[in-house]
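Here are my notes for you, point by point. Keep the 3D view open and follow along as you read.

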Amino acid sequence: AVERGGGELAGGGRFAHAAMLRRDRYGDLMEYVESLLQLIGNTPLVRLNRSLDLPADGPLVLAKVEYLNPGGSVKDRIATRMIEAAEESGALQPGGTIVEPTSGNTGVGLAMVAQQKGYKCIFVCPDKVSEDKRNVLKAYGAEVVVCPTAVAPEHPDSYYNVSDRLASQPGAWKPDQYSNPHNPRSHYEETGPELWRQTEGRITHFVAGVGTGGTISGIGRYLKEQNAGVQVIGADPAGSVYSGGTGRPYLVEGVGEDFWPETYDRGVADRIIEVSDADSFAFTRRLAREEQMLVGGSSGMAAFAARQLAQELAAEGKNDAVIVVLLPDSGRGYLSKVFNDDWLAQYGFSTGQPRPAQTVGEV
Ligand code: PMP
């Protein structure tokens with residue numbers, strides 16, 4: 001009989017998962033998974049090279065490439081963990097409905113996991129959210145309720161009131177990624193241990209952007225428990241509260257806040273590096289051209305901070321540093337923004353100069 005679950009062989013590594021090996025009725029081993037959800041996590045580390053402008057013997061900078069998760073972002077991890085915890089606690093019952101005010105990556109993760117497990121999903125989003133983003137959620141079978149942006153938060157049709165009303169219906173459950181402890185916990189229990197194992201405990205610095213703070217808080221706490229000397233660095237858009245701002249608007253999406261979420265551990269970061277929109281977007285474009293990594297603006301922001309850190313460490317002669325920077329999502333969701341020259345130009349940002357053609361060395 002075909003064996004299910006478990007797995008046959010300790011393969012190790014992303015591409016030879018024990019979970020992927022199944023013995024068929026003739027006893028042959030085949031490599032496949034029963035469900036896409038088994039492919040969440042265990043994302044690879046990829047070395048950044050040209051875009052760092054470092055000397056050849058400079059610090060090692062590794063990117064944790066989260067767009068390789070099946071839903072395309074780091075948020076697949078928290079979606080799974082928050083849903084499983086709600087199933088265990090009974091907050092989410094069979095056939096229940098997940099209600100969350102989100103239009104971004106968390107929505108995709110929740111929609112994917114919910115559909116697989118047979119829950120209904122309703123996402124509430126403001127009318128400024130692009131049709132493409134809404135259609136992604138609908139493609140996974142979710143319902144999207146659009147609320148007017150031009151009303152006060154206390155108005156019955158406001159984004160906040162509509163989601164609260166839907167979440168108070170019988171059978172409904174609201175994950176609330178800004179206060180749900182399973183958001184940072186998923187990173188404490190999974191992403192942090194992955195990084196420790198992948199670097200064989202040699203990681204010296206961890207860099208991540210901060211939105212809900214789940215990523216940096218969970219991973220940072222885990223790494224510091226393994227080695228108190230690991231430095232945790234937050235990258236933050238200029239204007240956001242994490243870098244001392246007032247919540248003044250910025251354009252990079254998914255990071256920075258105008259309030260302090262419960263999911264952010266205010267003691268975890270040793271340092272916050274503030275990055276301007278201009279630097280975030282210019283570096284996002286460089287990552288695509290020079291590292292072939294098509295990532296979103298928050299990845300460009302975090303990688304820019306990691307580059308600054310690596311250059312400082314190189315200048316101090318600390319070339320044995322091992323820096324890991326987490327890249328949360330793919331650039332596919334931002335083709336009409338970061339990767340659109342007209343959009344960048346409209347805000348006065350540089351579209352970046354193409355690198356001069358490389359001279360082919362001696363062969
Ligand atoms: N980048 C993107 C694109 C995101 O959607 C998020 C989540 N808001 C983050 C970064 C920040 O991650 P976290 O919420 O764990 O701080």
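**Notes on the fold**

1. Strand 9 (residues 205–209) and strand 12 (residues 322–327) run parallel and pair over three bridges. Inside that pairing, F206 has V324 of strand 12 as its bridge partner. A word on terms: helices (H or I, at least four residues) and strands (E, at least two) are DSSP runs, numbered from the N terminus, and two strands pair if DSSP finds at least two bridges between them.

2. Before going on, two housekeeping remarks. You're looking at a predicted model, where local features need pLDDT of at least 70 and side-chain atom pairs count only at pLDDT 80 or more, while totals for chains, interfaces and linings use all residues. Residue numbers start from 1 along each chain as its sequence is written.

3. As for angles, they run from 0 to 180 degrees between N-to-C directions, with axes being lines fitted to C-alpha atoms, for helices over the stretch in contact.

4. Have a look at helix 8 (residues 297–315) from the side of helix 7 (residues 277–291): their axes come within 7 Å and cross at roughly 95 degrees. Helix 7 and helix 8 are therefore roughly perpendicular (65 to 115 degrees; under 35 is roughly parallel, over 145 roughly antiparallel, and the rest oblique). Among the residues making the contact are F281 and L287 of helix 7, and M301 and F304 of helix 8.

5. Next, pick out I203, in the loop between helix 5 (182–198) and strand 9. Is I203 buried or exposed? I203 is buried, with 23 other C-beta atoms within 10 Å; the cut-offs are 20 or more for buried, 12 or fewer for exposed and partly exposed in between, with C-beta atoms placed from the backbone. Leaving out residues up to four places away in sequence, I203 touches L195, W196, L223, V230, V322 and V324. The C-alpha atoms of I203 and V230 are separated by 7.1 Å, though these residues are 27 apart along the chain.

6. There's also an open sheet of four strands, ordered 7-6-5-8, with parallel pairing. Strand 7 (143–147) and strand 8 (172–173) are at the edges with a single partner strand each, so one side of each has no neighbour in the sheet. Helix 4 (residues 159–167) packs on this sheet, touching strand 5, strand 6, strand 7 and strand 8, and its direction makes about 165 degrees with that of strand 6.

7. Last, strand 6 (residues 120–126): five of its seven residues are buried, so strand 6 is largely enclosed by the rest of the structure. Four bridges join strand 6 to strand 5 (residues 97–100), running parallel, and E100 has F123 of strand 6 as its bridge partner.

Notes: Two residues are in contact if their C-beta atoms, placed from the backbone, lie within 7 Å.
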